[in-house]
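Hello,

Here is the structure I promised to pass on.

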Amino acid sequence: MVACCSDREASTRCGSDAAKWAQDAGDPNYNLLNECCRAINSGNPGATGWTTMAQKNMDYMISDGPGRQKFVRFWTLMAEAIKGHPSAFALELMNEPMSINRRDMYDTWRAVTEAVTAIIPDISVAVADTG
């Protein structure tokens, strides 16, 4: 595996080369097989979460729009799946969210909380803040 974690190194390896990013697409082990992913993920460096690419992904997921809608939908489906299970009492929306857009994070966590408590009124929803 190639070890690197900076935007510059990842960009040097794959940049915006769609063909490289498409290699192994659809494989359940995409992140382990694709050379671009391996370049970013090797050694699981903590700084990976702060790369431009990671922040763009987070922005898509937590900004008002289709990414947030999909994230809320995911947790709505989870709530539907666990609503009758007696040991399901809490949801942790994301482990160590890496985003500097705290307002969008709050708005997203609130949207999820409102959606899942409509299904399971007494579910506990954990929220985390950067730092």
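Predicted model: local features only at pLDDT ≥ 70, side-chain atom pairs only at ≥ 80, totals over all residues.

**Aromatic pairs and cysteines**

Residues are numbered from 1 along each chain as its sequence is written, and side-chain values use heavy atoms, leaving out hydrogens and water.

Rings of Phe, Tyr and Trp (its six-membered ring) pair if their centres lie within 6.5 Å; planes under 30 degrees apart count as stacked, over 60 as edge-to-face and the rest as tilted. The count by this rule is 2 aromatic pairs. Phe-71 and Trp-109 have ring centres 5.6 Å apart and planes at 35°, so this pair is tilted. Phe-71 is buried too, at 9%. In the other pair, Phe-74 and Trp-75 sit edge-to-face, with 5.1 Å between centres and 85° between planes. Phe-74 is partly exposed at 44%, whereas Trp-75 is buried at 9%.

Now the cysteines: the whole structure holds 1 disulfide (a pair of cysteine sulfur atoms within 2.5 Å). Cys-14 is joined to Cys-36, S to S 2.0 Å, and the link is left-handed, with -95° about the S-S bond. Both ends are buried: Cys-14 at 5% and Cys-36 at 2%. Cys-37 is in no disulfide, and its nearest cysteine sulfur, that of Cys-36, is 6.6 Å away.

Best wishes

Definitions and conventions:
Buried < 20%, exposed > 50% of the residue type's maximum accessible area, 1.4 Å probe, protein only.
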